[in-house]
Amino acid sequence: MSADDLKRQAAARALELVEPRMRLGLGTGSTAKHFVELLGERVRAGLEVTCVATSEATQAQALAAGIAMTTLDAMPELDLTVDGADELDGELRLIKGGGGALLREKIVAAASGRMVVIADDSKRVATLGRFPLPIEVVPFGLGATRLAIARVAAAAGCHGPLDLRRSGDTPFVTDGGHVILDASFGRIPDPPALASTLAGVPGVVEHGLFIGLATAAVLAGASGLIEMGK
Ligand code: 5RP
């Protein structure tokens, strides 16, 4: 079975958690895309839900699928968000932002009563950090912000290059108009410590460590579905 088939299986299981009239957060990325596609089928068959997207790409996909969309301003509390992840550990701590949507993804997850992660089981790791940690920063003062991040990360036991994400010849720009530094730490020994120290760096808008946000995960692997959390 391909990785894409596994992602769809995880998405299909998460769809079973959706109940009529729920307020949903829709994630971003290739796995979340399966969820939106499957949700669209249910909506066209009569399911009533109202959703908030975590990116312009998901917003466009959901609208095209006939899903009723609103904003987090109009609907500031959500029942359930379903989103992918780049990595997750045994405590449901995540690295997200591989698709560049970490800021809106974190705001939407934080506004949700539950956040269910859907992924293929290759995303499960013992220690976070193999996947480069996305850090969203304002373009102004990028050099100074990068230096400051390197210093606080080293103090938290994290070392490695901070690469400006690119899209072709130009820096990748997020939906919020910021840029992303991908931090190849290899290993993040204390994710909460790194998360709080990064949040204090001027110029850092958000980072891809999601701690205490995911309430459950559905991971699809060759031997079936693994469910973590509640
Ligand atoms: C986007 C994300 C995605 O959820 C993450 O990158 C996983 O993507 P995929 O489902 O394509 O593997 O955080 O910002």
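**Strands, helices and the ligand**

Colleague: Which residue in β2 is the bridge partner of L26?
Modeller: The bridge partner of L26 is A53, in β2. Strands, like helices, are DSSP runs numbered from the N terminus (E, at least two residues, for strands; H or I, at least four, for helices). Residues are numbered from 1 along each chain as its sequence is written. The model is predicted, with local features needing pLDDT of at least 70 and side-chain atom pairs counting only at pLDDT 80 or more, while totals for chains, interfaces and linings use all residues.

Colleague: In which sense do β1 and β2 pair, and over how many bridges?
Modeller: Strand β1 (residues 23-26) runs parallel to β2, and four bridges join the two. Pairing requires at least two DSSP bridges between the strands.

Colleague: What is the strand order of the open sheet of six strands?
Modeller: The order is β2-β1-β3-β6-β14-β15, and the pairing is mixed. At the edges stand β2 (50-53) and β15, each with a single partner strand, so one side of each has no neighbour in the sheet. On average, neighbouring strands of this sheet are turned by 20 degrees against each other, direction ignored.

Colleague: Which helix packs on the sheet, touching β1 and β2?
Modeller: That is helix α3 (residues 56-64), and its direction makes about 150 degrees with that of β2. Contact means C-beta atoms, placed from the backbone, within 7 Å. Angles run from 0 to 180 degrees between N-to-C directions, and axes are lines fitted to C-alpha atoms, for helices over the stretch in contact.

Colleague: And β14 with β15: how many residues lie between them in the hairpin?
Modeller: Two residues lie between β14 and β15 in that hairpin. Strand β14 (residues 216-221) pairs with strand β15 (residues 224-229) in the antiparallel sense over six bridges. Within this pairing, L219 stands opposite I226 of β15.

Colleague: What order does the open sheet of three strands have?
Modeller: Its order is β4-β5-β13, with antiparallel pairing. The edge strands, β4 (87-88) and β13 (209-210), each pair on one side only. Two bridges join β4 to the antiparallel strand β5 (residues 94-95). E87 has I95 in β5 as its bridge partner.

Colleague: On to helices. At what angle do α1 and α2 pack?
Modeller: Helix α1 (residues 3-15) packs with α2 at an angle of about 45 degrees, and their axes are 8 Å apart. From α1, the contact is made by K7, R8, A10, A11, A12, A14 and L15; from α2, by S30, T31, H34, F35, L38, L39 and R42.

Colleague: How far apart are the axes of α5 and α6?
Modeller: The axes of helix α5 (residues 142-155) and helix α6 (residues 191-199) are 9 Å apart, and the packing angle is about 155 degrees. Here I149, V152, A153 and A155 of α5 meet L194, T197 and L198 of α6.

Colleague: Now the ligand. How many residues surround the ligand?
Modeller: The ligand is surrounded by 18 residues, of which G29, T31, G84, G98 and G99 are the closest. A residue is near the molecule if its C-beta atom, placed from the backbone, lies within 6 Å.

Colleague: Which helix gives the most to the shell around the ligand?
Modeller: Helix α2 gives the most to this shell, with three residues. Both α2 (30-44) and α4 (102-110) supply at least two residues each to the shell around the ligand.

Key:
Two residues are in contact if their C-beta atoms, placed from the backbone, lie within 7 Å.
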